[in-house]
Amino acid sequence: MIEDGWLLSTNPATGDEAGRVPVADEKAVVAAVERAKAAAIWWQSIGFEGRKVRLLRWRTLLVERIQELAELAHSEAGKPVTDGIIEVTAAVEHLDWAAKNAKRVLGPRKVRTRLLLAEHSGHVEYLPFGVVGVIGPWNYPIVTPIGPISGALAAGNTVVFKPSEYTPVVGQWLADTFAEVVPEHPVLQAVHGFGDVGGALCRSGVGKVSFTGSTATGKKVMMACAENLVPVVIEAGGKDALIVDADADVSAAAEAAVWGSMTNAGQTCIGIERVYAVAPVYDAFVEAVVEKAGKLRTGQEIGPITMPKQLDIIRDHIEDALAKGGRAVLGGASSVQAPYVAPTVLVDVPADSSEMREETFGPTLTITKVRDADEAVEKANDTPYGLGGSVFAKKNGIRIARRLRSGMVAVNGTLTFVGMGNLPFGGVGESGFGRIHGEDGLREFARPKAITVRRAKSLLPAMTFERTPAQVQQIVKALRLLYGRKP
């Protein structure tokens with residue numbers, strides 16, 4: 001809530017205050033962006049190497065203070081401290097990779113000259129947008145925003161960061177610690193508030209916006225950015241599926257399914273919400289999942305649900321699944337006991353239930369028996385979302401993974417792609433578009449610029465009014481010689 005111009009952040013499990021930050025209005029957001037524009041001149045002037053040194057200093061600071069940051073995430077978001085440590089670990093990986101690879105990926109590069117323009121050389125440069133606005137989520141308030149922040153900073157942009165109103169203290173901590181290692185100019189700033197502050201950031205004159213959150217909010221961000229043709233990266237919701245083929249290691253698949261669906265209390269955009277297990281291993285898989293998930297305890301391995309309104313959504317999804325003929329083999333509607341939801345595993349859930357169609361964002365998992373991998377792929381792709389996914393198989397894992405309509409797939413693992421800084425991360429369909437992380441993620445935060453340079457007189461002058469009819473005929477002959485033959 002807001003009190004006397006301050007945004008109060010509280011622990012979802014205890015209600016204790018985790019901290020407070022000043023609320024920004026539209027004027028304050030614009031002022032932050034103007035400061036960032038001025039800082040961008042200096043930040044770009046120090047070049048790739050100068051930015052690399054400073055970003056690696058920030059990386060080292062995160063490592064040195066990893067316990068402090070994990071405990072802050074626990075006090076504000078409620079997640080177990082150990083989960084916070086793993087989150088920081090992934091964030092460090094992305095920051096390190098972006099800092100060390102930005103020059104190689106974004107530095108000027110020559111391109112091969114085409115024969116008809118042999119008198120010209122060409123090269124591509126990647127220029128920063130200037131200021132990038134980053135709108136972050138509450139479920140992973142460290143690693144998720146550091147992905148686009150590190151890419152944008154490494155590319156030469158400054159950043160104005162709007163953390164979720166549920167985790168503003170973690171967001172401010174990130175901005176403050178960056179200022180400790182880069183005190184010269186406000187290269188990374190945080191602004192706080194509700195959705196109106198995010199809208200103000202979209203309209204503030206930033207060069208690009210990177211958003212992570214729900215699909216519904218992502219569409220609102222796009223509408224606000226469209227007013228000024230501000231490009232966006234949208235990482236929205238998901239309804240990720242795991243496929244268990246006949247030759248899978250059932251125990252390993254069950255362990256991964258439980259982790260993928262229950263970690264962070266299921267509040268994971270790339271979390272596993274659906275499993276399609278082929279008939280020969282279905283019964284053994286269900287039994288193993290129930291045995292492993294049944295050992296998890298709320299308040300320990302399973303943290304609280306951060307957003308109170310999400311509790312109603314989770315309960316509604318479970319009740320709808322049961323009302324339409326599904327069965328709870330672990331937990332059920334009674335598992336929702338605010339602020340926690342105990343692990344729930346459902347089977348025989350109809351494909352038209354909300355539990356199968358909509359993002360639940362809680363520690364629930366549906367398991368469906370299928371005839372074979374072909375049916376599993378068909379059902380897994382029957383969703384408007386397309387973020388991540390997983391396949392467990394010994395023989396055909398990669399073949400099945402390629403057929404999934406998603407931005408990322410883990411074979412014989414779950415969520416592992418988020419921990420690799422050199423892999424692109426993003427979705428398709430209602431899971432969004434654009435990429436963070438890896439080379440594709442770096443290029444999202446720079447605009448390509450093509451430059452040609454004449455180095456000799458044109459043998460076949462085309463782009464001039466002084467060309468002669470004979471020269472035009474020479475061009476036609478050259479085209480026929482080069483491209484007139486059928487491939």
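A: A salt bridge is a side-chain nitrogen of Lys or Arg within 4 Å of a carboxyl oxygen of Asp or Glu. In this structure, R20 forms a salt bridge with E17, and their closest N and O atoms are 2.9 Å apart. The model is predicted: local features need pLDDT of at least 70, side-chain atom pairs count only at pLDDT 80 or more, and totals for chains, interfaces and linings use all residues. Residues are numbered from 1 along each chain as its sequence is written, and side-chain values use heavy atoms, with hydrogens and water left out.

Q: How many salt bridges does the structure hold?
A: The structure holds 27 salt bridges.

Q: Are R20 and E17 buried, partly exposed or exposed?
A: Buried means under 20% relative accessible area, exposed means over 50%, and partly exposed lies in between (1.4 Å probe, protein chains only). R20 is partly exposed because its relative accessibility is 37%. E17 is also partly exposed, with a relative accessible area of 44%.

Q: Which residue forms a salt bridge with E227, and where do the two partners lie?
A: The partner of E227 is R203, with the closest N and O atoms 3.0 Å apart. E227 lies in the loop between helix 8 (215-226) and strand 10 (232-235), and R203 in the loop between helix 7 (195-202) and strand 9, so the pair ties together parts that are 24 residues apart in sequence. Helices (H or I, at least four residues) and strands (E, at least two) are DSSP runs, numbered from the N terminus. E227 is exposed, at 51% relative accessible area, while R203 is partly exposed at 43%.

Q: Where do E375 and K379 lie?
A: Both residues belong to helix 13 (residues 373-380), 4 residues apart, about one turn of the helix. Salt bridges that share partners join R371, D372, E375 and K379 into one network. Within it, the side chains of E375 and K379 meet at 3.9 Å, N to O. E375 counts as buried because its relative accessibility is 15%, whereas K379 is partly exposed at 31%.

Q: Is S210 buried or exposed, and which residues does S210 touch?
A: S210, found in strand 9 (residues 208-212), is buried because its relative accessible area is 2%. Contact means heavy atoms within 4.5 Å. Not counting residues up to four places away in sequence, S210 touches G133, V134, I135, P148, V233, I436 and F445. By contrast, A323 in helix 11 (residues 308-323) is exposed, with a relative accessible area of 68%.

Q: Which domains does the assignment give, and what area is buried between domain 1 and domain 3?
A: Domain bounds come from an automatic or database domain assignment. Here the assignment gives domain 1 (2-236 + 437-447), domain 2 (240-421) and domain 3 (457-484). The contact between domain 1 and domain 3 takes 4 residues from domain 1 and 7 residues from domain 3. Buried area is the accessible area (1.4 Å probe) that two parts lose on being put together, summed over both. Between domain 1 and domain 3 the buried area is about 480 Å², of which carbon and sulfur atoms give 68%. L115, L116 and E119 supply 82% of the area that domain 1 buries against domain 3, more than any other three residues.

Q: How many salt bridges are counted between domain 1 and domain 3?
A: The count between these two domains is 0 salt bridges.
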